[in-house]
Amino acid sequence: MFANFENEILFAARLLLGGAFVFAGLRNIQNRAFVTQLMATRGVPQARLALWAGIVLQIGAGALVLTGLWTAVAAAALV
């Protein structure tokens, strides 16, 4: 029953952590007009470009964590 318990825990952790970042990136796409305006009012230069760079990073690195490919690099990028 607990022979692969460590693998199951790692899979669940990757699913939760990577999935959270992918979900956040997709939510930012859905609310891009609001988030761009919010970033611009807070003084972020080129807010639209910064938002899209952040979305690509969230979805891309989150998907890498989720699949278990280059996990350390993807996690460092997310930090």
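Phe11 is found in helix α1, which covers residues 5-30. The structure is a predicted model. Phe11 has a relative accessible area of 46%. Because buried means under 20% and exposed means over 50%, Phe11 is classed as partly exposed. Together with Leu15 and Leu66, Phe11 makes a nonpolar surface patch of about 260 Å².

Helix α1 also holds Asn28. Is Asn28 buried or exposed? With a relative accessibility of 17%, Asn28 counts as buried, because the cut-off for a buried residue is under 20%. Which residues does Asn28 touch, leaving aside those up to four places away in sequence? They are Val35, Ile55 and Gln58.

Thr36 belongs to helix α2, made of residues 32-41. The relative accessible area of Thr36 is 19%, and Thr36 is therefore buried. A polar atom of the Thr36 side chain lies 2.6 Å from the backbone oxygen of Arg32. When residues up to four places away in sequence are not counted, Thr36 touches Ala47, Arg48 and Leu51.

| Residue | Relative accessible area | Class |
|---|---|---|
| Phe11 | 46% | partly exposed |
| Asn28 | 17% | buried |
| Thr36 | 19% | buried |

In summary, Phe11 contributes to a nonpolar surface patch, whereas Asn28 is buried and touches Val35, Ile55 and Gln58 among residues beyond four places away in sequence. Thr36 is buried as well, and its side chain has a polar atom 2.6 Å from the backbone oxygen of Arg32.

Note on methods:
Residues are numbered from 1 along each chain as its sequence is written. This is a predicted model: local features need pLDDT of at least 70, side-chain atom pairs count only at pLDDT 80 or more; totals for chains, interfaces and linings use all residues. Side-chain values use heavy atoms; hydrogens and water are left out. Patches are made of residues with over 30% relative accessible area and no salt bridge: like charges are joined within 9 Å, nonpolar side chains (Val, Leu, Ile, Met, Phe, Trp, Tyr) within 5 Å. Accessible areas come from the Shrake-Rupley method with a 1.4 Å probe; for residues, only the protein chains shown count as cover. A salt bridge is a side-chain nitrogen of Lys or Arg within 4 Å of a carboxyl oxygen of Asp or Glu. Helices (H or I, at least four residues) and strands (E, at least two) are DSSP runs, numbered from the N terminus. Buried means under 20% relative accessible area, exposed over 50%, partly exposed in between (1.4 Å probe, protein chains only). A polar contact is a pair of N or O atoms within 3.5 Å; within protein, one must be able to donate a hydrogen and the other to accept it, and residues adjacent in sequence count only if both atoms are side-chain atoms. Contact means heavy atoms within 4.5 Å.
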